Amino acid sequence: MENKELDQVCKGSQPYTGLATREIDKAYYHSKVKLQRLDRKKELVKKPLTSVPPRYVHPDQDPPIISLDSSSPQVPIIDMQRLLSEDFMDSELQKLDQACREWGFFQLINHEVSSSLVEKLKLETEKFFKLPMEEKSKYGQLEGDVVHVEGYGNVFVGSEDTKLHWRDSLYFTISPPHLRNLHLFPNLPPSFRETMEAYSADLKNIMVEILRQIRKKLRMDETEMTILLEGKQAMGFNYYPPCPQPEHAIGLPPHSDFGGITFLLDVNDVQGLQIKKDGLWIPVKSLPNAFIINVGDTLEILTNGTYRSIEHRATVNSLKERMSIATFCNPKMNGEIAPAPSLVTPRNSSNVQKNRSCRLYQRTI
Ligand SMILES: O=C(O)CCC(=O)C(=O)O
């Protein structure tokens, strides 16, 4: 964005747009932490925002039904080491099965992704979001392209009337490499790229193991997970700035994920994720060194509705910025998403109605 245009936005003579507002969000954040030296742009918005701009207002949000304390219902915890050990695998698999049926979410601990790799990715992520806006804008979403949601921006902005989310995100396909977006991935800072490649490979291994366990538990045929095992992996880096009226804005509105499973990593230990369980919004606090994993629509369909793809949302707060990293294990392109034949019986054939090709599905979400 040109400085002149930005100046007008900051003076309030022009409606907010995604890019300008991000600059304002950033300035708001910086003014909160009392930066010693304000540059020209930040000077213009020295006064922190005291209300949410209209395009960001999401009225009538359901409040979380409970606050987060030790008596709150907790997302089940699955221990990867126990899942792989002779002695405990049956009981742990039973827990995994129950978590996917009843919650659609679980926290995975003892997963063997090295904590140094995870910490490095968190640092690289923070570094990326703290880059000047001009730098980040180089990775901006392309318009008019089927892959336009890839890149840096406010994903899923459909038109000028679309309500915006209190979030910036960097989203792209990382694997298989030939599906990477060439305007984007090779240009990311090299240390960020290398770290995320190593992380993505480790998560792929965990995904393969979890899907293998699920297949075993549900007695699915060998090939019935192929659509996910040969699928593509995408990464979404989320940045939620502090918000002056968190009750009127939303970081990410209620949604379910399209793919097989999603791994969520909390970057800076600030709570924001809420999941809908039995009609109520429940806050989820991630455990140290854990991934929050959820079932996506494709796995719900594949398992003929046995496992549930649960609605979730990201809330924001007035004091702290929040960052998270979502890694999506999506089905392969052109595959047919349908219930696994081994799980369909005359009695349950109508559990899941959806049955369409991935390409069509991806276009219509
Ligand atoms: O940041 C979060 O807590 C949720 C992220 C999420 O749901 C997503 O990226 O799809």
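The model is predicted. The chain has 365 residues, 38% of which count as buried, and its secondary structure comes to 11 helices and 14 strands. Among contacts with a separation of 6 or more, 75% are between residues 24 or more positions apart.

**D257**

- D257 counts as buried because it has 26 C-beta neighbours inside 10 Å, where 20 or more are required.
- Leaving aside residues up to four places away in sequence, D257 touches T262, N294, G296, D297, S309 and F328.
- L299 is 42 residues from D257 in sequence, and the C-alpha to C-alpha distance between the two is 10.0 Å.

**Helix α6**

- Helix α6 spans residues 115-129, 15 residues in total, and its end-to-end C-alpha distance of 21 Å is close to the 21 Å expected at 1.5 Å a residue.
- Its buried residues are L121, E124 and T125.
- Viewed down the axis of α6, these buried residues fall within an arc of 105°, so they line one face of the helix.
- An α-helix has 3.6 residues a turn, so residues three or four places apart point the same way.
- The other side of α6 carries the exposed residues S115, S116, E119 and K127.

**Helix α5**

- Helix α5 consists of 14 residues, 89-102, and reaches 20 Å from first C-alpha to last, close to the 20 Å expected at 1.5 Å a residue.
- L96, A99 and C100 are the residues of α5 given here as buried.
- Around the axis they cover an arc of only 95°, which puts them on the same side of α5.
- D90, S91, Q94 and Q98 are exposed on the other side of α5.
- The buried residues of α5 pack against β1 (77-79), α4 (80-84), β2 (105-109), α8 and β10 (291-295).
- Just after α5, G104 adopts a positive phi of about 70°.

**Strand β2 and its partners**

- β2 is one of the elements packed against the buried residues of α5, and 4 of the 5 residues of β2 are buried, so that the strand is mostly covered.
- β1 and β2 run parallel and are joined by 3 bridges.
- β2 also pairs with β10, in the antiparallel sense, over 4 bridges.
- L108 of β2 takes part in both pairings: it is the bridge partner of I78, and it stands opposite F291 in β10.

Methods: Residues numbered from 1 in each chain as written. Predicted model: local features only at pLDDT ≥ 70, side-chain atom pairs only at ≥ 80, totals over all residues. Helix = DSSP H or I, 4+ residues; strand = E, 2+ residues; numbered from the N terminus. Expected span 1.5 Å × (residues − 1). Buried ≥ 20, exposed ≤ 12 C-beta atoms within 10 Å, placed from the backbone. Arc of directions from axis to C-beta. Contact = placed C-beta atoms within 7 Å. Pairing = 2+ DSSP bridges.
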